[in-house]
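Colleague: I would like to go through this model with you. Shall we take it residue by residue, then look at the packing?

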Amino acid sequence: MNDVNTHKTDNTPKGIFKDSNFLWMIGGGAISMLGDQFTLIALPWLVLKMTGDTLILGIVLALISVPRALLILLGGAVVDRYSPKIVMMQTKYINTLLLGILSALIFYGKLELWMVYALALGLGISTAFSIPSGTSMLPRVVAPAQLQSANGIMLSVRQLTMFIGPVLAGLLIALFGTHEQGMINDAQGLAAAFFFDCFTYAFSAWTLSKVGMNNMTMPPGPAGHKPALLQSLTEGLRYCWNEKQLRSCFIYWSAIAFFIMGPIQIALPVMANQLSNSASALGLLAGSHGAGTLLGMALAGMKPNLRFGNLGRTILLVDLIVGILFIPMGLISASWQGAVILLSVGILGGFLHVAVFTWVQKQVPPNMIGRAMSMFMFIFMGIGPVSAAFTGWLLRGITIPQLFMGSGSLLILIVIMATQISPIARVTDKRAAA
């Protein structure tokens with residue numbers, strides 16, 4: 001099968017909806033992302049129904065997240081070596097098999113805890129390769145002028161599935177749930193949830209087979225030369241470090257992720273408990289942030305050229321505003337006040353996420369895009385848990401108002417320092433000259 005996309009397309013942002021390659025990719029991707037939410041709900045529920053032990057639940061989740069964080073950089077090197085489409089197809093086949101086995105074991109009452117550990121580990125390893133392949137696909141599928149719109153649509157769809165997926169998963173588990181003697185509670189519902197995700201991987205593998213790849217120009221080199229994986233990984237890290245703008249942005253985003261992700265993940269539940277001692281308050285706060293993120297991503301897709309000067313100044317201005325909004329967050333006295341602030345933070349963050357995601361894809365040469373995008377994703381996947389743990393420890397000694405005031409002030413300070421000592425303010429949407 002020929003993967004090269006040779007048909008003519010409308011290169012305007014709106015022309016993305018006329019591109020059959022993108023439609024095949026977004027169609028299968030949307031179904032697959034929805035299925036992922038079913039597993040995210042069903043797996044913790046399965047472990048708790050089997051054991052009732054939160055420690056075992058933590059181990060199972062760690063078996064997914066730790067290999068993913070450790071191997072994602074290697075995954076980027078594999079993507080650049082073999083092509084994102086090939087790697088993504090293989091991960092979809094593997095996940096189809098793993099989830100099919102898990103569903104069958106639950107349905108027939110043969111599942112044991114060690115099997116859950118093994119299957120969770122397999123899913124974590126597979127995800128370390130599917131993430132860089134997924135983030136490397138779009139630049140090879142759509143025209144450069146369409147890339148930010150395509151990213152905005154894809155990321156917005158992901159955010160939307162995060163809203164509706166858990167609800168549908170819960171309904172499915174409840175609808176098909178069973179309490180028969182000798183079986184895990186809700187066994188049939190859990191089997192149905194995992195089987196649905198299994199089906200979505202198989203379906204998205206079929207849609208992906210319909211996607212053609214653009215014939216992107218690769219840098220000259222010895223014919224057929226492919227460096228060893230370790231050498232390829234080292235070259236990717238060296239490239240990201242030697243590119244001054246890329247290095248500066250990665251360091252800057254690492255600092256931003258550390259001071260923002262932890263307070264949102266850990267402090268919001270504590271704040272909701274203090275405001276009303278009700279899960280509904282947490283739902284309102286988290287939902288407002290999620291809705292804002294979705295709106296911001298949609299805005300980035302509809303207005304890909306919206307900038308305040310250039311991309312670098314837009315990044316700094318948006319982060320400055322987020323820092324200002326964070327400072328009074330800990331002083332709110334009602335849930336609706338926090339919802340308004342978090343809605344605003346979500347809109348700004350969602351817009352910026354699409355913009356910088358697209359910038360990284362455009363900035364690096366085709367043969368480096370898998371490794372660069374895996375580094376970009378590692379920043380958030382690796383720093384997020386560290387930030388959350390640090391925030392939890394910090395809240396033993398300080399109050400919620402002090403946490404948000406400190407985080408907001410540090411964020412403002414980081415923006416000011418970046419303006420003065422880094423090249424971020426000069427970053428443009430155009431690819432830097434070699």
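Modeller: Gladly. Bear in mind that the model is predicted. We can begin with serine 103, which lies in helix H3.

Colleague: Is serine 103 buried or exposed?

Modeller: The relative accessible area of serine 103 is 7%. The cut-off for burial is under 20%. Serine 103 is therefore buried.

Colleague: At what angle do helix H3 and helix H6 pack?

Modeller: Two packed helices are described by the angle between their axes and the distance between the axes. H3 covers residues 84–107 and H6 covers residues 187–209. Their axes are 8 Å apart, and the packing angle is about 160 degrees.

Colleague: How are H3 and H6 oriented to each other?

Modeller: The angle between H3 and H6 is about 160 degrees. Angles over 145 count as roughly antiparallel. The crossing of the two is left-handed. By its angle, H3 is therefore roughly antiparallel to H6.

Colleague: By class, how many residues in the contact of H3 with H6 are nonpolar, polar and charged?

Modeller: H3 passes H6 in a left-handed crossing. The class counts in this contact are 17 nonpolar, six polar and three charged.

Colleague: Where is serine 83, and what is its phi?

Modeller: Serine 83 sits in the loop between helix H2 (54–82) and H3. Most residues other than glycine have a negative phi. Serine 83 is not a glycine, yet its phi is positive, at about 95 degrees.

Colleague: How do H1 and H5 cross?

Modeller: Helix H1 spans residues 20–51. Its axis and that of H5 come within 7 Å. They cross at roughly 40 degrees, and the pair is therefore oblique. The hand of the crossing is right-handed.

Colleague: What classes of residue make up the contact of H1 with H5?

Modeller: The crossing of H1 and H5 is right-handed. The residues of their contact divide into 21 nonpolar, three polar and one charged.

Colleague: At what angle do H5 and H11 cross?

Modeller: H5 is residues 147–176 and H11 is residues 335–363. Their axes come within 9 Å and cross at roughly 130 degrees. That angle makes H5 oblique to H11. H5 passes H11 in a crossing that is right-handed.

Colleague: Which residues of H5 and H11 make the contact?

Modeller: By class, this contact of H5 with H11 has five nonpolar, six polar and one charged residues. H11 contributes His353, Val354, Ala355, Phe357, Thr358, Gln361 and Lys362. H5 contributes Leu147, Gln148, Asn151, Gly152 and Leu155.

Colleague: Is threonine 293 buried or exposed, and which residues is it in contact with?

Modeller: Threonine 293 lies in helix H9, residues 279–302. Its relative accessibility is 11%, so threonine 293 counts as buried. Neighbours within four places aside, threonine 293 is in contact with Gln159, Gly346, Ile347 and Gly350.

Colleague: What contacts does tyrosine 252 make?

Modeller: Tyrosine 252 is in helix H8, residues 244–276. At 4% relative accessibility, tyrosine 252 counts as buried. Its C-alpha is 7.9 Å from that of isoleucine 414, 162 residues apart along the chain. Leaving aside neighbours within four places, tyrosine 252 is in contact with Ile315, Leu316, Asp319, Ile414, Val415, Ala418 and Ile424.

Colleague: How does threonine 428 count by relative accessibility?

Modeller: Threonine 428 lies in the segment after helix H13 (400–421). Residues up to four places away not counted, threonine 428 touches Asn310, Leu311 and Trp359. Its relative accessibility is 34%, so threonine 428 counts as partly exposed.

Colleague: Now the whole protein. How many helices and strands does it have, and what share of its residues count as buried?

Modeller: The protein has 13 helices and zero strands. Residues 24 or more positions apart account for 84% of its contacts with a separation of 6 or more. Of its 434 residues, the share that count as buried is 50%.

Note on methods. Residues numbered from 1 in each chain as written. Predicted model: local features only at pLDDT ≥ 70, side-chain atom pairs only at ≥ 80, totals over all residues. Heavy atoms only, no water. Axes fitted to C-alpha atoms, helices over the stretch in contact; angles between N-to-C directions. Helix = DSSP H or I, 4+ residues; strand = E, 2+ residues; numbered from the N terminus. Parallel < 35°, antiparallel > 145°, perpendicular 65-115°, else oblique. Left-handed = near helix turned anticlockwise from the far one by under 90°. Contact = heavy atoms within 4.5 Å. Nonpolar A, V, L, I, M, F, W, Y, C, P; charged D, E, K, R; others polar. Buried < 20%, exposed > 50% of the residue type's maximum accessible area, 1.4 Å probe, protein only.
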